[in-house]
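Please examine the sequence and the model shown here before reading on.

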Amino acid sequence: MVIDSFLNTLDNIETITDAQQVAKLSQDYHTFSPVLVPQLAGKVGDIVVRPANEEEVIKVAAACAKYRIPITVRGAGTGNYGQCVPLHGGVILDMTKMQNILWVKPGVARVEAGVKLAALDKKAREIGWEMRMSPSTYRTATIAGFVAGGSGGIGSIQYGLLGDRGNLLALKVVTVEDAPRVIELRGDDVQKVNHAWGINGIITEVEIPLGAAYPWAEVIVTFADFMTAAKFGQSLAQADGIMKKLITIFASPIPQYFHPLQSYIPEGTHPAFLLVAEPSLELLPGLVQQYGGQITYQKPAQEAGKGLNLAEFTWNHTTLHARNVDSNITYLQSIIPPEKGLQLVEHLYHHFGDEVMMHLEFIRMNGAVVPAALQLVRYTTEARLNEIIRYHEDQGVFIANPHTYIIEDGGRKVIDPEQLKFKELVDPYGLMNPGKSKVLAHEER
């Protein structure tokens, strides 16, 4: 059997063959999507391999190339589109043992692929710096998983998205060839691998810029009217002198899913969840008053990390909390065009009502403040979900569709030609995460 021959080439590299464990490590949070669940049902790897260093990664890559075994790279499995679910079995390459923080200097850090974002953040703070942005899963997510499958998050109001020039400095990747090579990509070349779902090289190291670390206070502000809350969020986002890391606006009834926070959010109100630098807090009450809001919760930075963590109710953790209460809820990922802005948000809010509950995350994009959204959808049928998506797109909303495991359909519409060229170079046998790209589907397996 091919897998037996493959195993014999691995020496002492850790492997997992227990069917239950392999199945567990073949999954991610694609279960947020009722469309993906049946499509990916039963898709599991044959074996999990857990390399401890780059040398072991190279051995695994060479063995996969030799025996033509598909290879799906995995971090913590916190993605939502089935990025690390293997469509054709084979090897699950679990990178979580590679946790060395190689170095941290003022403004920049270099780490191995399996380093958790929270661990890097903690280390960087020792010298007064922090990660520029992270998903709401930062406690468990790995840095290479974030690069391969993420796009932005907490901090994007200040620094934009991960794919923006300057937010990723260098990547080291191992090729999947008979004699694997180690390639260092720097500057704009990192885009050959960024957000490519692990189809074109095994990331072993990541070099990222850091931001200056501020003491971040947590604040909840409530409003009687959703659009007033949204306008407050936009105004705070555009106040460049106020340092902030998070501006999240929820339409009622979303807060009903946040059981630990309900005493701070009067029923029927529409809250803003904020991370604001403590030196800027003095400016906040005046802005809140201007929009008729009420500050109902405030936690100083020195208490951050103790008890409730406000950031873990935002971004896609919002969907997680909602689904814990009602498993029929799913979500969308949207970017509202800045030229239409809150006017379009208001139209969509009224058009769909509680069927599509509005959840805004303000980000900076090409220098402008943009209301991105992770709306909660009361799911009925796939046909209705597609209608909702089409309506948004007809209004000019960019939808990064979380209900497909195909890279192009997820938002890009086309795959980057540079990524395709690089794919040919580093994965000549088409073994890396096969089936995740339309363009490549006819070449793979």
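This is a predicted model: local features need pLDDT of at least 70, side-chain atom pairs count only at pLDDT 80 or more; totals for chains, interfaces and linings use all residues.

Residues are numbered from 1 along each chain as its sequence is written, and side-chain values use heavy atoms, with hydrogens and water left out.

Helices (H or I, at least four residues) and strands (E, at least two) are DSSP runs, numbered from the N terminus. Four strands make up an open sheet with mixed pairing, in the order 1-2-4-3; two strands pair if DSSP finds at least two bridges between them. Strand 1 (14-16) and strand 3 (71-74) are at the edges with a single partner strand each, so one side of each lacks a neighbour in the sheet. Three bridges join strand 1 to strand 2 (residues 47-50) in the antiparallel sense. Glu14 has Arg50 of strand 2 as its bridge partner.

Helix 12 (residues 382-394) has 13 residues, which at 1.5 Å a residue should span 18 Å; the end C-alpha atoms are 18 Å apart, in agreement. The expected span is 1.5 Å times one less than the number of residues. Leu385, Ile388, Ile389 and His392 of helix 12 are buried, that is, under 20% relative accessible area with a 1.4 Å probe, protein chains only. These residues cover an arc of only 95° around the axis, which puts them on the same side of helix 12; the arc is that of the directions from the helix axis to the C-beta atoms. After helix 12 comes Gly396, with a positive phi near 95°.

Methods. Buried means under 20% relative accessible area, exposed over 50%, partly exposed in between (1.4 Å probe, protein chains only).
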